[in-house]
Amino acid sequence: MSQQSFDYATEAFEFIGRLDGLPSAETVIEEMARSFTLFGFENFIITGLPSPQERFDQVVLLKKWPKAWFEIYSKQDYVRVDPVIRLCRNTVQPFEWSEAPFDRETEPRAAEVMDRATDFRMKDGFCLPIHGINGYEACLSMSGVDLDLSSRTKPALHLMAMYAFERARQLLNPLPYRGAELLTPRERETLMWAAAGKSAADTGEILGITERTVTAHIVSSCQKLGAANKTQAVARAMQYKLIRI
Amino acid sequence: MTCVHVITHANRHFYEESLEQFHRLRHQIFVEERGWSGLRQPDGLEVDAYDNQHAVYLLAIDAGRLVGGQRLYPTLLPHMISEVFPHLAQLGVPQAADILEWTRYFVVKERRTGRTDCRLLAAMQEFCLGEGITEVTAVVEMWWLPRWQQAGFKVRPLGLPQLIEGQPCIAAAVEISQASLEHVRKLAGLRGASLIRNGLSSRIHQVPHVAA
């Protein structure tokens with residue numbers, strides 16, 4: 001083993017060791033930025049893969065992305081056509097962006113997202129798909145212009161990415177079940193009134209339904225959100241931008 | 001209903017049929033499905049050097065049909081990481097009386113939706129807790145790592161991933177803890193103890209005290 005690949009290994013193990021003590025998503029971002037820079041990566045994102053009903057910004061866990069690119073990517077809904085995201089859903093193996101297939105002729109939007117990314121120094125990338133035990137699908141995708149991406153660095157990056165994802169997941173606690181199980185309009189409404197400080201009785205009066213029905217909507221929201229009580233359900237619904245106040 | 005049975009040298013006579021299914025499924029899954037062609041056997045039964053009197057099997061059986069399995073083996077004896085994959089453990093091969101090696105884990109294809117996995121993972125933790133085991137070591141395909149972590153397991157890498165039969169694999173140590181057991185049980189809605197110990201005392205004590 002060469003001296004250099006030994007250093008990658010050391011960096012990877014030390015990075016993993018440091019993650020445990022990090023208290024917040026912000027500190028995980030700083031730590032990832034510091035370590036991934038050593039391999040030439042400038043940008044990265046950890047995100048769930050959205051169901052058809054979900055918006056991209058609802059499923060992102062953490063990111064170091066140019067602000068303007070995030071806005072364009074969200075506004076254009078590129079997540080639906082991004083070949084990197086598509087390959088993520090269909091493989092468990094890490095891959096380079098250049099390995100994510102698309103047809104420039106028949107898929108102009110796929111070509112557009114890859115081309116426009118290069119305007120933001122996201123020329124090449126490396127993507128690690130995550131397929132969780134409950135069907136939770138996510139990925140860590142990182143990119144830059146001058147990457148040190150070889151058969152010697154990839155194993156270290158692969159391992160670092162898996163642990164970075166896990167730390168982000170622990171800290172941000174994404175919803176395990178999503179998609180079809182998002183909140184109904186009535187559930188959102190009752191949570192919004194709860195967030196505004198109304199009791200179940202008040203909410204019932206406002207909406208013209210019984211207090212019992214209000215409570216039933218809240219209980220069902222708690223189940224869907226994996227929340228222990230109404231307060232946590234409101235907090236999680238806001239965290240995932242399912243309600244706004 | 002699926003139950004996980006503890007099978008050792010002492011009670012294997014109750015389970016000859018399940019063990020034959022186990023070796024046959026191992027061949028189907030590891031050789032034919034995953035392509036570990038080095039394990040191929042003409043009789044379609046995958047049996048290796050560690051299927052001996054020291055091995056403990058935890059088999060998930062539903063109405064007489066095997067739906068998943070796993071094997072535990074003492075690390076004080078020569079075992080797969082020490083003999084076959086020492087290059088995967090750049091940080092050293094853990095060997096102790098309270099560390100077992102965890103191998104040949106699988107779930108049959110039609111049960112790979114999560115719950116059978118959780119049941120087997122919970123069974124592994126529950127068995128090890130009862131035996132005073134503190135850690136298990138394993139070689140695993142990298143895509144399994146987040147699944148273990150999401151099941152609540154604390155996983156320590158023993159080295160960097162390397163390609164085995166074209167798949168990135170890693171040697172890792174998994175902590176045995178009540179917290180991990182409770183986490184994985186909760187995830188699958190499993191209540192309480194679930195291990196069946198036909199003809200076994202509550203603790204096996206078969207871990208050898210000297211390195212062989």
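Chain A of this predicted model contains 11 helices and five strands. Its C-alpha atoms fill a box of roughly 70 × 45 × 30 Å along the principal axes. The chain has 245 residues, and 50% of them count as buried. Contacts in chain A with a separation of 6 or more were also examined. Of these, 64% join residues 24 or more positions apart.

Helix packing was examined next. Two packed helices are described by the angle between their axes and the distance between the axes. In chain A, helix α2 spans residues 25-37 and helix α7 spans residues 154-172. The two pack at an angle of about 170°, and their axes lie 10 Å apart. An angle over 145 degrees counts as roughly antiparallel, so α2(A) and α7(A) are roughly antiparallel to each other. On the α2(A) side, the contact is made by A:A25, A:V28, A:M32, A:S35 and A:F36. On the α7(A) side, A:L157, A:M160, A:A164, A:R167, A:L171 and A:L172 take part. By class, this contact has nine nonpolar residues, one polar residue and one charged residue.

From α3(B), the contact draws on B:R115, B:C118, B:L121, B:A122, B:Q125, B:E126 and B:L129. From α5(B), it draws on B:Q178, B:S180, B:L181, B:V184, B:R185, B:L187 and B:A188. By class, the contact of α3(B) with α5(B) has eight nonpolar, three polar and three charged residues.

A:M114 sits in helix α6 of chain A, which runs over residues 108-118. The relative accessible area of A:M114 is 17%. Buried means under 20%, so A:M114 is buried. Leaving aside neighbours within four places in sequence, A:M114 is in contact with A:D82, A:P83, A:V84, A:W97 and A:F102. A:P52 lies 62 residues from A:M114 in sequence. In space, the C-alpha atoms of A:M114 and A:P52 are 21 Å apart.

B:Q149 belongs to helix α4 (residues 145-150) of chain B. With a relative accessible area of 4%, B:Q149 is buried. Residues of both chains touch B:Q149, not counting those up to four places away in sequence. From chain A these are A:M162, A:Y163, A:E166 and A:R169. From chain B, B:V155 touches B:Q149.

Loop residues were considered as well. A:D77 is in the loop between α4 (67-75) and α5 (83-90) of chain A. Its phi is near 55°, a positive value in a residue other than glycine. A:D77 has a relative accessible area of 29% and is partly exposed. A:R121 lies in another loop of chain A, between α6 and β4 (124-131). A:R121 is not a glycine, yet its phi is positive, at about 60°. The relative accessible area of A:R121 is 46%. Exposed means over 50%, so A:R121 is classed as partly exposed.

In chain B, B:G35 occupies the loop between α1 (16-33) and β2 (56-62). B:G35 counts as partly exposed, at 30% relative accessibility. Not counting residues up to four places away in sequence, B:G35 touches B:F30 and B:E165. B:G35 and B:G166 are 131 residues apart along the chain. Their C-alpha atoms are separated by 9.5 Å.

Key: Residues numbered from 1 in each chain as written. Chains lettered and ligands numbered in written order. Predicted model: local features only at pLDDT ≥ 70, side-chain atom pairs only at ≥ 80, totals over all residues. Heavy atoms only, no water. Contact = heavy atoms within 4.5 Å. Helix = DSSP H or I, 4+ residues; strand = E, 2+ residues; numbered from the N terminus. Nonpolar A, V, L, I, M, F, W, Y, C, P; charged D, E, K, R; others polar. Buried < 20%, exposed > 50% of the residue type's maximum accessible area, 1.4 Å probe, protein only. Axes fitted to C-alpha atoms, helices over the stretch in contact; angles between N-to-C directions. Parallel < 35°, antiparallel > 145°, perpendicular 65-115°, else oblique.
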